[in-house]
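Me: I'm new to reading protein structures. Can you walk me through this one?

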Amino acid sequence: MSNSESPPLLLLASASPYRAELLRRLRLPFSAQASAVDETPLPGETVAELVTRLARAKALALAPAHPQHWIIGSDQAASVDGQILGKPGSLEQARRQLRLCSGRRVVFHTGVALLADGQCRQELDLTTVEFRALDEAAIEAYLAAEPALDCAGSFRCEGYGISLFEAIDNRDPSALIGLPLIATCRLLRAAGLTLP
């Protein structure tokens with residue numbers, strides 16, 4: 001697709017304000033809509049398999065109602081020693097997650113899928129976060145300041161959550177926020193969209 005042609009209609013299969021904010025960085029027009037996909041892990045499913053499956057499922061779920069769109073689906077989960085951490089949803093679960101992560105390395109898996117012209121392309125990004133040792137006072141202070149109940153791992157790295165870490169190791173800083181933009185650009189180019 002050349003720059004002279006009109007860009008594809010893009011649809012972000014997510015109600016996440018974080019993913020929408022990231023996608024705006026690409027300066028492409030898009031709309032966003034949540035897809036009703038059950039995010040429960042399947043028995044024996046690894047975290048990589050989970051986020052890859054869900055990213056694809058989110059894109060495919062919106063396809064019948066939006067056949068003219070290129071649909072972007074994304075999902076993220078963390079793992080500690082093989083245990084999957086998703087969105088906490090409650091303060092008590094957030095406390096449990098942060099206690100588990102304290103002083104440990106946590107791997108965040110972020111899957112992205114692009115459904116374009118009947119073909120679904122996918123990528124998986126990995127980010128390793130090294131948490132500092134967190135005592136109960138630090139956990140309570142963080143959750144009082146920034147209760148990240150809608151974020152895998154119970155923190156926002158783009159906010160005050162950065163204070164919880166010793167180090168972050170990744171190829172794409174946007175992946176930890178919820179949508180790996182470098183991978184998304186690769187998928188868009190592979191589907192035929194010309195980007196700068």
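Me: Which side chain makes a polar contact with the side chain of D75?

Reply: Quick heads-up: this is a predicted model, where local features need pLDDT of at least 70, side-chain atom pairs count only at pLDDT 80 or more, and totals for chains, interfaces and linings use all residues. Residues are numbered from 1 along each chain as its sequence is written, and side-chain values use heavy atoms, leaving out hydrogens and water. A polar contact is a pair of N or O atoms within 3.5 Å, where one must be able to donate a hydrogen and the other to accept it; residues adjacent in sequence count only if both atoms are side-chain atoms. For D75, the partner at 2.8 Å is the side chain of K58.

Me: Is D75 buried or exposed?

Reply: D75 sits in strand β3, residues 69-80 (a strand is a DSSP run of E, at least two residues, numbered from the N terminus). Buried means under 20% relative accessible area, exposed over 50%, and partly exposed in between, using a 1.4 Å probe and protein chains only. The relative accessible area of D75 is 4%, so D75 is buried.

Me: Where is Q97 found, and which residue's backbone oxygen lies 3.0 Å from a polar atom of its side chain?

Reply: Q97 is in helix α3, residues 91-101 (a helix is a DSSP run of H or I, at least four residues). Q97 counts as buried because its relative accessibility is 3%. The backbone oxygen lying 3.0 Å from a polar atom of the Q97 side chain belongs to G86.
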